[in-house]
Amino acid sequence: MSESTPPRGDAERLALITERLYTPVLGDVLDTLGRLHQFLPAGIRALRPEMKVAGRAMPVLTRDVFGRGERPFGRLTEALDQLAAGEVYLGVTGRSEAACWGEILTATARMRGAAGAVLDGHHRDTPAVLAQDFPVFSRGSYALDSGPRTAVVDYRVPVELGSVRIEPGDLVVGDVDGVVIIPRDVEDEVLERALQKASAENLVRREIEAGMSATDAFAKYGVL
């Protein structure tokens with residue numbers, strides 16, 4: 001296997017992504033393949049800049065409610081209990097700004113071996129979440145309780161977030177520069193090209209640090 005050939009096993013593949021790849025190079029490759037709308041909205045950020053996530057999407061669909069009904073939080077506990085190792089809880093919310101993630105949800109996902117959580121909404125219990133060293137990406141911290149305001153209605157279903165359609169099992173990669181979704185049908189090609197591009201970028205940087213101009217480096221390597 002060459003250095004630019006992604007491993008077949010998921011655990012090895014996800015480890016390689018975390019160690020060697022980053023969202024800018026993955027996004028650039030997706031652009032070249034005509035997949036121009038694969039980044040989640042810019043407001044979804046890591047709780048800490050050093051956090052990285054790579055895993056399989058487990059989309060969770062949430063809607064607004066207006067008062068605490070017979071089943072607070074809807075099917076939230078079911079969704080959490082269905083998380084598998086290497087999956088990313090990908091929460092798509094309604095319009096409510098209530099926190100859709102917190103300390104107990106983090107503990108549950110972590111104990112199930114999930115890779116992280118990516119949320120189109122807010123989180124709370126920030127110190128307790130950070131203390132668990134579990135990758136969480138959200139729109140920010142806000143203590144408003146979701147119990148009487150939102151309910152999970154389905155999970156492991158296709159969803160749309162911003163301009164991105166996400167299918168269960170799609171590759172989710174997040175870091176300090178955002179979160180990108182890699183569809184399964186182009187995953188192998190994207191990873192192979194991204195590994196090649198990352199190596200080329202390292203080479204170009206060394207050339208520039210050795211005195212080559214940016215114009216000459218781009219003409220020679222086609223990387224900027």
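At what angle do helix H1 and H6 pack, and how far apart are their axes? Helix H1 (residues 10-20) packs against H6 at about 30°, and the two axes are 12 Å apart. Axes here are lines fitted to C-alpha atoms, for helices over the stretch in contact, and angles run from 0 to 180 degrees between N-to-C directions. H1 and H6 are therefore roughly parallel to each other. Angles under 35 degrees count as roughly parallel, over 145 as roughly antiparallel, 65 to 115 as roughly perpendicular, and the rest as oblique.

A word on the source. This is a predicted model, in which local features need pLDDT of at least 70, side-chain atom pairs count only at pLDDT 80 or more, and totals for chains, interfaces and linings use all residues. Residues are numbered from 1 along each chain as its sequence is written, and side-chain values use heavy atoms, with hydrogens and water left out.

Now the whole chain. It has seven helices and eleven strands. Helices (H or I, at least four residues) and strands (E, at least two) are DSSP runs, numbered from the N terminus. The radius of gyration is 19 Å, close to the 17 Å that the globule rule gives for 224 residues, so the chain is as compact as a globular protein of that length. That radius is taken over C-alpha atoms, and the rule is 2.2 Å times the number of residues to the power 0.38. Along the principal axes, the C-alpha atoms fill a box of roughly 65 × 30 × 30 Å. Of the 224 residues, 46% count as buried. Buried means under 20% relative accessible area, exposed over 50%, and partly exposed in between (1.4 Å probe, protein chains only). Take the contacts between residues at least 6 apart in sequence: 74% of them join residues at least 24 apart. Contact means heavy atoms within 4.5 Å.

Back to H6, starting with its H1 partner. H1 passes H6 in a left-handed crossing. A crossing is left-handed if the near helix is turned anticlockwise from the far one by less than a right angle, and right-handed if clockwise. From H1, Arg13, Leu16, Ile17 and Arg20 meet Glu187, Asp188, Leu191, Leu195, Ala198 and Ser199 in H6. By class, this contact has five nonpolar, one polar and four charged residues. Ala, Val, Leu, Ile, Met, Phe, Trp, Tyr, Cys and Pro count as nonpolar, Asp, Glu, Lys and Arg as charged, and the others, Gly among them, as polar.

Next comes H2. The axes of helix H2 (residues 23-32) and helix H6 (residues 187-209) come within 9 Å and cross at roughly 120°. That makes H2 oblique to H6. The crossing is right-handed. H2 brings Val25, Leu26, Asp28, Val29, Leu30 and Thr32. H6 answers with Val190, Leu191, Arg193, Ala194, Lys197, Ala198 and Glu201. The residues of this contact divide into eight nonpolar, one polar and four charged.

Helix H7 (residues 214-221) packs against H6 at about 145°, with the axes 10 Å apart. This crossing is right-handed. Leu203, Val204, Glu207 and Ile208 of H6 touch Ala214, Ala217, Lys220 and Tyr221 of H7. The contact of H6 with H7 has six nonpolar, no polar and two charged residues.

Some single residues deserve a look. Thr106 lies in helix H4 (residues 103-111). Thr106 has a relative accessible area of 0%, so it counts as buried. Not counting residues up to four places away in sequence, Thr106 touches Trp101, Val129, Gln132, Phe134 and Val136.

Arg139 sits in the loop between E6 and E7. At 36% relative accessibility, Arg139 counts as partly exposed. Its contacts, leaving aside neighbours within four places in sequence, are Pro41, Gly43, Ile44, Leu119, Asp120, Gly121 and His122. The C-alpha atoms of Arg139 and Glu97 are separated by 9.5 Å, while the two residues are 42 residues apart along the chain.

Finally, backbone angles. Asp133 is not a glycine, yet its phi is positive, at about 55°. Asp133 lies in the loop between helix H5 (126-130) and strand E6 (136-138). With 65% relative accessibility, Asp133 counts as exposed. Arg156 also is not a glycine and has a positive phi of about 55°. Its loop runs between strand E7 (150-155) and strand E8 (159-161). Arg156 counts as partly exposed, at 33% relative accessibility.
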